[in-house]
Amino acid sequence: MPTLSDRQRVELAIPAYLLYALTAAPGVFVPADPDLAARAEADITALRADLQAALLEPFSDLVPKKQHALLRRVERIGKGVITGWGNRPALSVMLTLWYFLKDLTDREVLILWEGSAMERATSRLLPMFAHGFDEQKRDAAAQEQARQLLACLRAEGLYN
């Protein structure tokens with residue numbers, strides 16, 4: 001089995017980092033029925049656990065010093081992306097990240113193996129914001145923003 005380069009490891013971790021950051025924002029996921037608040041909280045906790053596992057997974061075979069160095073790189077790049085979110089609605093950011101992730105999986109830059117932490121996370125996410133795909137204007141804007149996100153990350157030397 002080939003060894004991953006540092007760049008490939010960072011590329012694998014970035015989507016999980018961005019989704020993890022989004023799920024940390026207050027009020028991003030609000031259940032449609034207030035009676036489902038406890039279940040929604042449990043779902044978000046499980047989602048965040050899967051995203052955290054997916055974030056750390058590419059570095060699991062490295063010595064701690066190298067892990068920390070690459071995780072700092074992921075964090076630096078991720079924070080740069082997050083600052084660009086500005087005052088955009090959470091649904092808009094979610095759709096952008098979804099199209100970004102779809103592009104990576106379509107091009108097989110990222111493979112979501114069945115049962116993997118990232119596959120479990122994306123399986124939980126899709127129903128949470130599927131209604132955003134219903135609005136064509138928002139959907140088209142998210143696709144363009146996903147292309148801009150990819151261009152930004154390519155400027156960092158990733159996903160080329």
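**Helix H1 and its partners in a predicted model**

The crossing of helix H1 with helix H4 is left-handed, a term used when the near helix is turned anticlockwise from the far one by less than a right angle, with right-handed used if clockwise. This is a predicted model, in which local features need pLDDT of at least 70 and side-chain atom pairs count only at pLDDT 80 or more, while totals for chains, interfaces and linings use all residues. Residues are numbered from 1 along each chain as its sequence is written, and side-chain values use heavy atoms, with hydrogens and water left out. Helices are DSSP runs of H or I with at least four residues, numbered from the N terminus.

**Confidence**

- The chain has a mean pLDDT of 88, with 91% of its residues at 70 or more, where pLDDT is the predictor's confidence in each residue, from 0 to 100.

**H1 with H4**

- The axes of H1 (residues 6-24) and H4 (residues 90-106) come within 11 Å and cross at roughly 165 degrees, the axes being lines fitted to C-alpha atoms over the stretch in contact and the angles running from 0 to 180 degrees between N-to-C directions.
- H1 and H4 are therefore roughly antiparallel to each other, since angles over 145 degrees count as roughly antiparallel, under 35 as roughly parallel, 65 to 115 as roughly perpendicular and the rest as oblique.
- From H1, Pro-15, Leu-18, Leu-19 and Leu-22 meet H4 residues including Val-93, Leu-97 and Phe-100, contact meaning heavy atoms within 4.5 Å.
- This contact of H1 with H4 has eleven nonpolar, no polar and no charged residues, with Ala, Val, Leu, Ile, Met, Phe, Trp, Tyr, Cys and Pro counted as nonpolar, Asp, Glu, Lys and Arg as charged, and the others, Gly among them, as polar.

**H1 with H2**

- The axes of H1 and H2 (residues 37-56) come within 8 Å and cross at roughly 150 degrees, and the two helices are therefore roughly antiparallel to each other.
- The crossing of H1 and H2 is left-handed, and the residues of their contact divide into eleven nonpolar, two polar and one charged.

**H1 with H3**

- The axes of H1 and H3 come within 9 Å and cross at roughly 50 degrees, and these helices are therefore oblique to each other.
- The crossing of H1 and H3 is right-handed, and by class their contact has eleven nonpolar, one polar and seven charged residues.

**Salt bridges**

- The count comes to ten salt bridges, each a side-chain nitrogen of Lys or Arg within 4 Å of a carboxyl oxygen of Asp or Glu.
- Glu-11 and Arg-7 meet through their side chains in a salt bridge (2.7 Å, N to O), and both lie in helix H1, four residues apart, about one turn of the helix.
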